[in-house]
Amino acid sequence: PSKSLLFDQKTILELGCGTGFTSIAASKLGAKYVYATDANPEVLELAKTNLQRNGIYPNSSNNGNDNY
């Protein structure tokens, strides 16, 4: 399937990622890097779970920050 040129090989920063839906979409549409952030640690765990369910595995080297 073709990927959107809007995200192709781009770096995306999502502030307040919530469930991670936008980060998932950006990744599936060809973004090279996606940074999803949220101030709420419980929300980040939900986003992490949703990313993994969609075959996207967060970088484990997040330097202790609550970003995925």
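Which backbone nitrogen lies 3.4 Å from a polar atom of the side chain of Asp38? In this predicted model, where local features need pLDDT of at least 70, side-chain atom pairs count only at pLDDT 80 or more, and totals for chains, interfaces and linings use all residues, that nitrogen belongs to Cys17. Residues are numbered from 1 along each chain as its sequence is written, and side-chain values use heavy atoms, with hydrogens and water left out.

The backbone nitrogen of Asn40 also lies 3.0 Å from a polar atom of the Asp38 side chain. Asp38 itself sits in the loop between strand E2 (33-37) and helix H2 (41-53), where helices (H or I, at least four residues) and strands (E, at least two) are DSSP runs numbered from the N terminus. Asp38 is buried and yet has no salt bridge, the nearest side chain of opposite charge being that of Lys48, 15 Å away; a salt bridge here is a side-chain nitrogen of Lys or Arg within 4 Å of a carboxyl oxygen of Asp or Glu.

Strand E2 pairs with strand E1 (residues 11-15) in the parallel sense over 5 bridges, and within this pairing Ile12 has Val34 of E2 as its bridge partner; strands pair if DSSP finds at least two bridges between them.

In the segment after H2 lies Ile56, which counts as buried because its relative accessible area is 18%, buried meaning under 20% (1.4 Å probe, protein chains only). Beyond its neighbours within four places in sequence, Ile56 is in contact with Ile24, Ser27, Lys28 and Leu51, contact meaning heavy atoms within 4.5 Å. Ile56 and Lys28 are 28 residues apart in sequence and 8.9 Å apart in space, C-alpha to C-alpha.

Note on methods. Buried means under 20% relative accessible area, exposed over 50%, partly exposed in between (1.4 Å probe, protein chains only). Lys and Arg count as positive and Asp and Glu as negative; His and the chain ends are not counted. A polar contact is a pair of N or O atoms within 3.5 Å; within protein, one must be able to donate a hydrogen and the other to accept it, and residues adjacent in sequence count only if both atoms are side-chain atoms.
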